[in-house]
Amino acid sequence: QVRLVESGGGLVQPGGSLRLSCAASGIIFRVNTMDWYRQAPGKQRDVVASITSGGSTNYADSVKGRFTISRDNAKNTVYLFMNSLKPEDTAVYYCYARYNNLWGQGTQVTVSS
């Protein structure tokens, strides 16, 4: 089955950390540039971080120095490590496989005290 499945979201206090995972199946994961997007209520979906097949990374200015994207091609999984979380990071987080034009279902991250 061709799909991306995100996990790891939840409720966290400001300043806390979370690790999101996105497991791929049915695609040639290693050739895909993988992106993490997020969408807050009433706002557009924006890219947060990207990692190429070769491991090069790129980040939105709003998360630089706080978020880290990585991938494990042996596990067909991409991760997003989120530190120093802020209330404005609250959103549904989606992973995206560019070569296959494939989205996951999303995982909710809520940063609140």
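This is a predicted model: local features need pLDDT of at least 70, side-chain atom pairs count only at pLDDT 80 or more; totals for chains, interfaces and linings use all residues.

- Most residues other than glycine have a negative phi.
- S84 has a positive phi of about 50° although it is not a glycine, and you can find S84 in the loop between β8 and β9 (91-97).
- N76 is not a glycine either, yet its phi is positive, at about 55°.
- Look for N76 in the loop between β7 (67-72) and β8 (77-82); with a relative accessible area of 28%, N76 is partly exposed.

**Salt bridges**
- In total, the structure holds 4 salt bridges.
- One of them joins the side chains of D35 and R98, at 2.8 Å from N to O. D35 lies in strand β4 and R98 in the loop between β9 and β10 (102-103), so this pair ties together parts that are 63 residues apart in sequence.
- D35 counts as buried, at 1% relative accessibility, whereas R98 is partly exposed, with a relative accessible area of 44%.
- Another salt bridge brings together the side chains of D89 and R38 (2.9 Å, N to O). This pair links distant parts of the chain, with D89 in the loop between β8 and β9 and R38 in strand β4, 51 residues apart.
- D89 also forms a salt bridge with R66, where the closest N and O atoms are 2.7 Å apart. R66 lies in the loop between β6 (57-59) and β7 and D89 in the loop between β8 and β9, so the two tie together parts that are 23 residues apart in sequence.

**The largest pocket**
- The largest pocket has a volume of about 220 Å³. It is lined by 14 residues, and the closest to its centre are R38, A40, K43, D46 and E88.
- β4 and β5 (46-51) each supply at least two residues of this lining, and β5 gives the most, with 3 residues.
- By class, the lining has 6 nonpolar, 4 polar and 4 charged residues.

**A nonpolar surface patch**
- I28, V31 and Y99 make a nonpolar surface patch of about 340 Å².
- V31 lies in the loop between β3 (18-25) and β4 (34-39) and counts as partly exposed, at 40% relative accessibility.

Methods. Residues are numbered from 1 along each chain as its sequence is written. Side-chain values use heavy atoms; hydrogens and water are left out. Patches are made of residues with over 30% relative accessible area and no salt bridge: like charges are joined within 9 Å, nonpolar side chains (Val, Leu, Ile, Met, Phe, Trp, Tyr) within 5 Å. Accessible areas come from the Shrake-Rupley method with a 1.4 Å probe; for residues, only the protein chains shown count as cover. Helices (H or I, at least four residues) and strands (E, at least two) are DSSP runs, numbered from the N terminus. Buried means under 20% relative accessible area, exposed over 50%, partly exposed in between (1.4 Å probe, protein chains only). On a 1 Å grid over the protein atoms alone, a cavity is a set of points where a 1.4 Å probe fits but cannot get out, and a pocket is an open set with protein on both sides within 12 Å along at least five of seven lines; lining residues have an atom within 4 Å of a point. Grid points are joined across faces, edges and corners, and a volume is the space filled by probe spheres set on the points. Ala, Val, Leu, Ile, Met, Phe, Trp, Tyr, Cys and Pro count as nonpolar, Asp, Glu, Lys and Arg as charged, and the others, Gly among them, as polar.
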